[in-house]
Amino acid sequence: LIGAVADASSAVATWWPVSLAGLALVLDGLDGAVARRLGTESRFGALFDQETDALLILTLTVLLVAGGKLGPWILFAGLMRYALLAASEVWPALAAPLPNSRFRSGVCAVMVTALVVCLLPPLTPLPAAIAAAIALTALTLSFGIDLIWLLKNARGISQS
């Protein structure tokens, strides 16, 4: 999908990016369930899943903007995770591990699903923008909740 950005206007007019992104979405939903069922879940696996989700969202947003389907405003969804990582370099409290959250996981799935739907070739920019805006609102809310939790629980973490 990252490579599709090089010729985004052609890519968003075809079905293969939708198929590939949809497959990634389905497999992302299965990997955690399989790991739990087999008793192989780990902190590394959870972090790896989180980072690949963030990269997928960034890739899909760049593809949709470069392909002319959505405006640059949707890049906010793709850059949120990376902005939080950058901010945690200045304020280490933001790097603290978050408790597990079904809401956060669900919002991530909604965001990726909305971006995959936006890639559908027959979907015009207006309905794509509406779907993306609704998902971005949910993602912003989720990040806000996590940010508030991190700030409330920052006591005792030294500031550098």
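The structure holds zero disulfides, a disulfide being a pair of cysteine sulfur atoms within 2.5 Å. Cys 108 is in none, and its nearest cysteine sulfur, that of Cys 118, is 15 Å away. Do bear in mind that this is a predicted model, where local features need pLDDT of at least 70 and side-chain atom pairs count only at pLDDT 80 or more, while totals for chains, interfaces and linings use all residues. Residues are numbered from 1 along each chain as its sequence is written, and side-chain values use heavy atoms, with hydrogens and water left out.

| Residue | Relative accessible area |
|---|---|
| Asp 53 | 10% |
| Cys 108 | 16% |
| Cys 118 | 0% |

Both cysteines are among the buried residues of helix 5, as are Met 111 and Leu 115. Helices are DSSP runs of H or I with at least four residues, strands runs of E with at least two, numbered from the N terminus. Helix 5 (residues 102-119) reaches 26 Å from its first C-alpha to its last, close to the expected 26 Å, which is 1.5 Å times one less than its number of residues. The cover over its buried residues includes helix 2 (16-38), helix 3, helix 4 (75-90) and helix 6 (125-152).

Asp 53 sits in helix 3 (residues 43-66). Leaving aside residues up to four places away in sequence, Asp 53 touches Asp 28 and Cys 108, contact meaning heavy atoms within 4.5 Å. Asp 53 and Met 111 are 58 residues apart in sequence, yet 10.0 Å apart in space, C-alpha to C-alpha.

Notes. Buried means under 20% relative accessible area, exposed over 50%, partly exposed in between (1.4 Å probe, protein chains only).
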